[in-house]
Amino acid sequence: MKQHIRIASGQGFWGDLIDAPYHQVTRGPIDYLMMDFLAEVTMSIMQKQKLRDPSLGYARDLPGQIGRMLPHIMEKNVRVITNGGGVNPLACRDAIFREADKAGIRGLRIGVVLGDNILDDIDALLAQGIELRNMETDAPLRDIRDRIVSANVYFGAWPIVEALRQGAQIIITGRTTDTGLTLAPMIHEFGWTENDWDLLAAGTVAGHILECGGQSSGGNFLGDWKSVPDLAHIGFPIAEAHPDGTVVITKHENTGGLVSEATVKEQLLYEIGDPTEYITPDCIADFTSIRLRQEGENRVRVFDVKGRPYTPFYKVSASYHDGYSATGTLTYAWPDALEKAQAADAILRTRLADLGLEFEEILSEFVGHSSCLGPLATMPAEINEVLLRIGVRGKNKEHIARFGQELAPLILTGPPSVTGFAGGRPKPSDVIAYWPALIPKAAVTPNVIVEER
Amino acid sequence: MSLRRIRLIEIAHARSGDKGDAGNVGVIARDERFYPILLKELTVDRVKRHFEGICFGAVERFELPNIGALNFILHNTLGGGGTVSLKNDAQGKTLSSAMLRMEIDIDEELLYD
């Protein structure tokens with residue numbers, strides 16, 4: 001058994017720094033590269049792309065990113081694990097094989113994890129009495145059955161472990177938990193078993209620290225953001241994992257950013273609920289047991305993590321079509337910038353009401369004054385300019401479109417010192433709402449395919 | 001003992017994100033000795049009042065003494081959640097800053113330990 005393995009984070013979401021994974025592979029030693037592409041809504045975006053073109057539905061950046069890295073990956077025997085397969089992991093795999101062809105590389109083994117996409121099984125599941133009730137509202141899925149866009153089960157680390165066992169160099173999954181991408185190589189290398197709850201929790205915590213890319217190595221750091229060196233060349237985090245579950249969070253030398261107890265603490269708290277039960281398909285991790293120790297420059301030791309058995313459920317992430325929305329902006333300048341923007345907002349709302357348009361919500365925000373702080377905002381002595389940002393949402397697409405036509409007229413028929421209407425009329429776009437649910441683990445089966453070409 | 005009014009940002013840092021229509025705000029003491037102040041000052045009621053007009057649901061508080069931090073869940077805060085919300089900050093990324101604007105009275109001696 002290796003004394004430790006180095007697992008590098010290469011992407012924190014679809015749209016992250018394109019070159020980050022290449023730098024992780026080329027700027028220092030690593031054994032594994034994990035690339036997380038999926039946020040809650042990403043699957044529905046990918047599903048829409050697949051509907052337009054059946055060969056799409058995965059993170060389109062991914063094959064190119066891997067193509068560029070391939071010679072280095074093969075030479076250094078770095079294994080890549082990613083959930084960038086989205087709703088079409090097989091098409092993603094084939095695109096990567098084409099990249100290998102282009103690079104003249106033979107004998108590449110790629111593993112694919114399938115089975116998470118239950119969009120075509122919904123009716124069969126409902127017929128079995130599995131209601132897929134919304135975890136927030138308790139409403140049954142049948143209420144929105146005819147509007148479902150995507151439905152995916154969150155698998156954990158074990159299907160990836162199986163692909164690693166079968167010798168896959170690159171593993172492409174659909175909706176796998178972000179943490180499972182990091183936990184899997186630890187299970188594989190250190191021989192952890194399904195009941196090693198503390199170890200599985202330790203690997204899950206490491207995964208939580210890596211899953212958001214640079215957010216644990218100095219990015220988006222509120223503690224003392226000015227103290228973070230060279231964010232332009234931020235080094236993404238690396239977990240040095242040990243067989244006893246101890247992990248050291250670090251980054252490559254000669255990169256920017258910062259790994260400190262404070263940056264790691266902020267990431268530990270990101271998007272969590274009850275810290276005593278961070279639930280994954282692999283285990284329940286207790287975040288109140290985690291201990292941290294700065295043990296060197298850009299080196300934070302994470303240890304003593306406690307875990308408990310997993311629940312009998314997988315989480316399902318479904319999405320459904322829920323009407324339309326449009327958002328537009330206008331800029332108002334000194335003097336009285338805020339008052340002008342507020343007057344324009346009132347005029348626009350009067351015109352929308354006169355037209356008899358129906359919306360579920362109209363939201364006006366005054367960017368530069370209160371768009372983030374809402375009622376907490378304080379009034380500065382003089383505001384140089386304010387961006388009026390107004391959005392509408394509703395079921396009637398025509399009404400949303402008409403709203404878009406009412407914004408520009410404010411330029412010649414509203415308060416003065418107005419500009420910033422270069423983008424054209426706001427067009428209605430689909431609102432895709434999120435539907436979280438639970439499903440008994442026995443109702444779905446992951447399917448692992450490993451192929452060499 | 002002399003009390004001094006400070007903003008929370010002087011003794012804490014924070015990170016926030018979304019969980020559906022709820023926002024999560026993790027608040028971390030900048031030094032261990034400030035954690036008891038967070039425990040005492042950042043009550044559920046106080047945080048609920050602070051976010052009046054922003055958070056329209058219940059506030060939950062969780063303690064992480066191991067890292068000197070508290071985690072808050074602010075229900076019904078994001079205008080329907082990430083993809084539905086019309087808000088500029090649909091994912092609650094700036095709720096952390098908003099939390100740190102809170103003013104609290106603390107024993108001045110604690111600041112310069």
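Predicted model: local features only at pLDDT ≥ 70, side-chain atom pairs only at ≥ 80, totals over all residues.
Residues are numbered from 1 along each chain as its sequence is written, and chains are lettered from A and ligands numbered from 1 in the order in which they are written. Local features need pLDDT of at least 70, side-chain atom pairs count only at pLDDT 80 or more, and totals for chains, interfaces and linings use all residues, while side-chain values use heavy atoms, without hydrogens and water.

Chain B places 41 residues in contact with 48 residues of chain A (heavy atoms within 4.5 Å). The area buried between the two chains is about 3500 Å²; this is the accessible area (1.4 Å probe) that two parts lose on being put together, summed over both. Carbon and sulfur atoms give 59% of that area. One salt bridge is counted between chain B and chain A (a side-chain nitrogen of Lys or Arg within 4 Å of a carboxyl oxygen of Asp or Glu). R15(B) and E266(A) form a salt bridge, with the closest N and O atoms 3.3 Å apart.

On the side of chain B that touches chain A, two or more residues come from each of β2 (12–19), β3 (22–29), β4 (59–64), β5 (69–74) and α3 (95–100) of chain B. Helices (H or I, at least four residues) and strands (E, at least two) are DSSP runs, numbered from the N terminus. β2(B) gives the most, with seven residues. By class, this side of chain B has 15 nonpolar, 16 polar and 10 charged residues. Ala, Val, Leu, Ile, Met, Phe, Trp, Tyr, Cys and Pro count as nonpolar, Asp, Glu, Lys and Arg as charged, and the others, Gly among them, as polar.

The second largest pocket holds about 450 Å³ of space. Of its 25 lining residues, L363(A), E365(A), G374(A), P375(A) and K87(B) are the closest to its centre. Strand β15 (residues 361–367) of chain A gives the most to this lining, with five residues. The lining divides into 10 nonpolar, 11 polar and four charged residues.

On a 1 Å grid over the protein atoms alone, a cavity is a set of points where a 1.4 Å probe fits but cannot get out, and a pocket is an open set with protein on both sides within 12 Å along at least five of seven lines; lining residues have an atom within 4 Å of a point. Grid points are joined across faces, edges and corners, and a volume is the space filled by probe spheres set on the points. The structure holds one cavity of 30 Å³ or more. The lining of the largest cavity has 10 nonpolar residues, no polar and no charged, including L132(A) and W435(A).

L132(A) has a positive phi, near 50°, in the loop between α5 (122–127) and β5 of chain A. W334(A) and P335(A) are joined by a cis peptide bond, with omega about 0°.
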